[in-house]
Every structure is written in structure tokens, then in C-alpha cells.
Amino acid sequence: MFTSIFQEHRGFGKQIFLLAKNELIKTYKGAVIGPLWSVVKPAFTIFVYWFAFSVGIKALKAVKVHLNGMEHAAFSIDFFTFMFIGIVPWFFIQDQIVQGAKTLRNNRQFITKVKFPVSTILTYTGLSRLFVHIFLVAIMYVYVLFRIGPSWYNLQFFLYCPLMFIFFLALSWSTAPMSAFSKDFESLIVSVMSGVFWLSGIMYDSYSFTGGLKIAMLLNPINFFANGYRNCFLYHRAFFTYKTELVIFLVEFLAVFFLGIFNYNRLRKKLPDVL
Amino acid sequence: MSEPIITFKNVSKTYILYKNDQARFKALFIKPKNPKTNKALNNVSFEIYRGESVGIVGDNGAGKSTLLKMITGVAFPDEGDIIVDGKVAALLELTAGFSLEMTGRENIYLKGYILGLEDDYIKEIEENIIEFAQLGDYIDQPVRTYSSGMKMRLGFAINVNIEPDVLVVDEALAVGDASFKRKCKDKIKEIMTNGTTVLYVSHSADSVREICPRSIYLRKGTVIFDGPTDETLKVYQDYKESQKAKKKK
């Protein structure tokens with residue numbers, strides 16, 4: 001059952017890094033400020049959200065959303081910092097889910113024309129997005145150092161980040177072949193993802209609910225990472241503090257991982273016929 | 001003639017023709033009930049031995065491309081087994097399969113790794129490839145800057161210089177200008193005399209007769225005849241004529 005994906009990666013490590021690097025060049029070539037675009041776009045998005053929530057909605061007064069959910073934390077922090085730390089992993093997650101699903105269709109020449117270890121396409125394109133993410137995290141960390149200061153808990157980043165990469169890579173083992181098979185499936189993912197942002201605890205604190213809603217929030221793996229990054233940089237909390245959240249996530253992780261292997265193996269041999 | 005290098009054992013391949021996109025979406029989750037199908041290959045069995053040159057003839061849609069794609073490892077059978085015992089080089093889609101942002105040199109390595117070659121070996125053949133492709137300084141430029149002729153030359157050069165055990169050639173191949181074409185033909189002949197197995201696909205009876213002593217005739221996914229080229233071509237010719245006669249009636 002394990003064979004195909006792992007076999008395809010064997011002895012291909014160096015190539016994956018080279019291809020990931022070239023994927024980055026492909027994305028940003030021909031632009032005057034080049035790789036800086038990977039910062040400009042998120043920076044603008046962050047500005048818009050900050051403006052809408054800190055300036056715009058406050059002026060309305062009528063809407064008092066869950067922005068104050070931070071009050072039960074050890075210390076109170078401004079909304080911008082709270083959002084910034086949560087939205088950085090979100091940028092990666094969104095990109096990885098949406099673009100990851102499209103990857104095989106976009107790289108069809110490697111599937112229908114030549115023999116190629118197909119699953120590595122998902123790895124190197126994902127890796128190129130991870131490079132961008134790490135760049136953003138570095139910028140964020142400079143801000144964190146000035147605003148909050150360093151902490152040993154920051155090191156948990158090296159746990160959350162690889163975990164996030166593997167989780168959403170494994171998700172694309174399912175979604176990418178399925179999207180290649182049916183364009184409708186791809187559109188479904190794109191449509192759903194545009195709403196998922198507001199269902200996830202990026203702009204608000206997903207811990208601040210009670211009852212059924214709280215459980216629903218725990219089921220969303222995106223919250224696990226948004227909160228995880230905040231555990232590292234803001235709350236200074238160990239990753240095992242909320243055991244329920246951790247256990248739910250681990251179960252989901254295993255499910256996504258094995259479902260990914262199952263779906264990839266199921267569809268791999270049909271891919272050259274449908275693309 | 002020692003052991004077979006390519007073995008097809010009862011290989012069948014069916015393409016499912018989905019009625020529309022809805023049916024395709026549904027097929028992701030449930031197996032479609034009696035879908036329309038196209039049997040591209042039907043219970044095909046043959047063995048090809050090391051050093052043989054075999055022609056594959058047949059009309060359009062006979063299953064030639066599907067067969068070649070399976071040998072090169074791009075497509076997979078639904079039933080049956082395929083054993084290919086060695087490196088396969090394909091002169092089919094020469095301009096495809098490059099990573100466009102990588103340089104020509106890096107693409108040589110990429111292709112090499114896909115074929116399971118080691119660094120040392122690739123380094124050895126690297127110069128031959130560059131020389132054969134006549135790319136000059138362009139070899140260290142990204143492949144996206146290449147003209148289609150240059151891409152083809154590089155693709156051809158890589159495939160013939162890796163010392164393949166099996167070489168798959170499509171006759172419809174056009175590689176650059178006349179002088180390079182001649183160079184390619186000479187190279188293919190050289191490879192053949194070195195004992196490489198060659199599979200040759202063509203519509204033209206003459207070129208098959210010239211190159212391959214043995215031929216396989218495919219019609220609608222089934223092997224109709226497998227034997228000496230002269231006999232195979234006769235069967236093929238007879239069938240064509242009978243079809244023509246039918247049409248006249």
C-alpha cells in the first residue's frame with residue numbers, strides 16, 4: 001500500500017529541491033521586484049483585514065465581533081498582532097490547498113508525455129510554497145521579537161511547520177488526482193476555500209466559543225495550526241496544553257494521510273488517460 | 001536470442017468514455033455502471049528479445065500509441081502484465097517533459113535521474129549529449145529560451161546517448177533541418193548495430209521493411225499477425241485492399 005509514493009521519492013531528493021527552486025523562479029520571473037511579490041500580496045491582504053476590523057467595523061459600533069476573545073489570555077494583546085500571527089500560516093494553507101489541487105492538471109506534460117515520478121510533482125511545488133512561507137515567517141518573527149520578545153516556546157515552530165507541510169501535502173495526494181480527474185472537483189475546492197477563511201479562527205479566537213460550536217472549531221485542522229503558531233509566538237503555550245485539540249488533530253492527520261495514499265494509488269494509473 | 005527484454009502477457013486496456021462531466025465527477029466516488037468503453041488493446045501477448053528490431057504497423061486507432069506508451073511507462077494496462085527489462089528511450093514526444101526553467105544541462109540530469117542513472121554515469125555522457133545536440137553555450141540557458149528545434153535536438157540527444165536497452169521510434173518524427181535529420185538516422189542505425197532493441201512504428205511499408213526483420217500488425221487493439229516483416233506486410237496490404245473493395249461495392 002505504501003509503495004508508490006515513497007518509491008517515487010527514493011533517490012529523487014536532490015531533484016525535488018532543484019525543481020522547487022525552479023518553481024519559485026517560474027512564479028516570479030519577469031517581475032521587476034521579483035520575489036518581493038511574495039511579501040507584497042500578503043502584506044496588502046493583512047492591511048485590508050486590519051483596516052476593516054480595527055478601523056472600519058469599529059466605526060460601525062454595531063458589530064462587536066469576537067475580537068475580544070483574547071481577554072482570557074495571560075496578557076492582552078492588540079488585534080493586529082493576534083491576526084498577523086494567525087494569518088501567516090493561513091496564507092500557506094490556502095495556497096497549498098487551492099494550488100495543490102490544481103498542480104497535477106497544470107503539470108500534465110509530466111504525466112501524459114513522459115515517465116515521471118508523479119507524486120514528486122506535488123512535493124516540489126509544495127516545497128516552493130513552503131520556501132515562501134518560511135520567508136514570511138522570518139519577517140513576522142522580526143515583528144514578534146520587537147512586539148513580544150523571544151521565548152523558548154518559539155522553537156515549537158519547528159514542530160508545527162513541518163507538520164503543517166506534511167498534513168496539507170498528504171491532503172493533496174487525494175485532492176490533486178481527483179481534481180485532475182474532474183474539473184468540477186477542482187472548482188468545488190476553490191469555491192469552498194474562499195469561505196473557509198471565515199470559518200477558521202484567523203480573524204477571531206476559535207477557543208472563545210462554548211458548546212457545540214467549540215467542538216466544531218476543534219474539528220477544523222486549520223485552527224490547529226493558526227492556534228499552534230499563536231502557541232509558539234503569542235500565548236507561549238506548549239503544544240500539548242489542549243489535549244483534546246491535539247488528539248482530534250492527530251486522528252485527522254492519520255485519516256488524511258492514509259486516505260491520501262489510498263486515493264493516489266487508486267487514481268495514479270488512470271491519470272495519463274484522463275489528462 | 002537469450003531471454004525476452006519486453007514481455008506482454010494478455011495485456012488489455014480499456015478507455016472509459018464518460019458521457020459528460022457529471023458522469024466523470026460521479027465516477028470519482030462510485031464505479032460507473034456499464035459505461036461506454038473503447039478497447040484500445042485486447043488480450044495482446046508477445047515477446048521481444050534483446051537485439052531484435054520489431055516494426056509495429058496498423059491503421060490509426062489500432063492501439064499503436066497505447067502500446068508504446070505502456071512500454072515507455074507512461075500508461076498502464078487494466079489487465080495483464082508487462083515486463084520491460086532495461087532502460088527505455090523513446091523518440092516520441094521530444095519537446096515534452098522538460099522543466100522549462102532549468103537549464104539544458106540540469107534537464108539532462110533530471111532525465112537521467114528519472115531513468116535511474118547515477119551522477120557519475122550522467123557526467124560521463126553529458127559531453128556527448130551536448131555535442132550531439134549542437135547547442136553550444138545555450139546548454140546553460142533555461143530551456144524556455146530554446147527554439148522548438150533546439151528542444152527537439154536536446155531531447156533526441158539525451159535519449160540516444162543514455163545507451164538504452166530499448167529504443168522506441170516513431171517514424172513521424174521530425175527533427176530539425178536536413179543535415180540533423182541525417183545525423184539522427186545514422187545514430188539510430190548505429191544504435192541498432194550495437195545490439196539495442198528497437199521498436200519502430202510507421203505507416204510506410206518500405207521503411208519498416210528496410211529496418212525491421214520482424215513486424216507486428218495491430219488492428220483494433222488485437223494482434224492480427226506477428227512474424228517476418230514481408231509476411232506481416234502482406235497480411236496488412238491484403239486487408240487494406242479488401243476494405244477498399246468493400247467500399248467500392
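Before counting bridges, I note my pairing rule: two strands pair if DSSP finds at least two bridges between them. Helices (H or I, at least four residues) and strands (E, at least two) are DSSP runs, numbered from the N terminus.

Housekeeping next. This is a predicted model, where local features need pLDDT of at least 70 and side-chain atom pairs count only at pLDDT 80 or more, while totals for chains, interfaces and linings use all residues. Residues are numbered from 1 along each chain as its sequence is written, with chains lettered from A and ligands numbered from 1 in the order in which they are written.

**Chain B, sheet.** I looked up strand 1 (residues 4-17) of chain B and found five bridges joining it to strand 4 of chain B, the two running antiparallel. One detail I jotted down: Phe8(B) has Ile82(B) in strand 4 of chain B as its bridge partner. The open sheet has three strands in the order 2-1-4, with antiparallel pairing. Strand 2 (36-49) and strand 4 (79-84) of chain B are at the edges with a single partner strand each, so one side of each has no neighbour in the sheet. On average, neighbouring strands here are turned by 20° against each other, direction ignored.

I then checked what covers these strands. Helix 2 (residues 64-72) of chain B lies across strand 1, strand 2 and strand 4 of chain B, at about 60° to strand 2 of chain B. My angles run from 0 to 180 degrees between N-to-C directions, with axes fitted to C-alpha atoms (for helices, over the stretch in contact).

**Chain B, overall.** I count eight helices and nine strands in chain B. Its C-alpha atoms fill a box of roughly 60 × 50 × 40 Å along the principal axes.

**Chain A, helix pair.** The axes of helix 6 (residues 118-147) and helix 7 of chain A come within 10 Å and cross at roughly 140°. That makes helix 6 of chain A oblique to helix 7 of chain A (under 35 degrees is roughly parallel, over 145 roughly antiparallel, 65 to 115 roughly perpendicular, the rest oblique).

**Between the chains.** How many residues of chain A are in contact with chain B? I get 24 residues of chain A against 20 of chain B, contact meaning C-beta atoms, placed from the backbone, within 7 Å. Helix 2 of chain A gives the most to the chain A side, with six residues.

How values were computed. Two residues are in contact if their C-beta atoms, placed from the backbone, lie within 7 Å.
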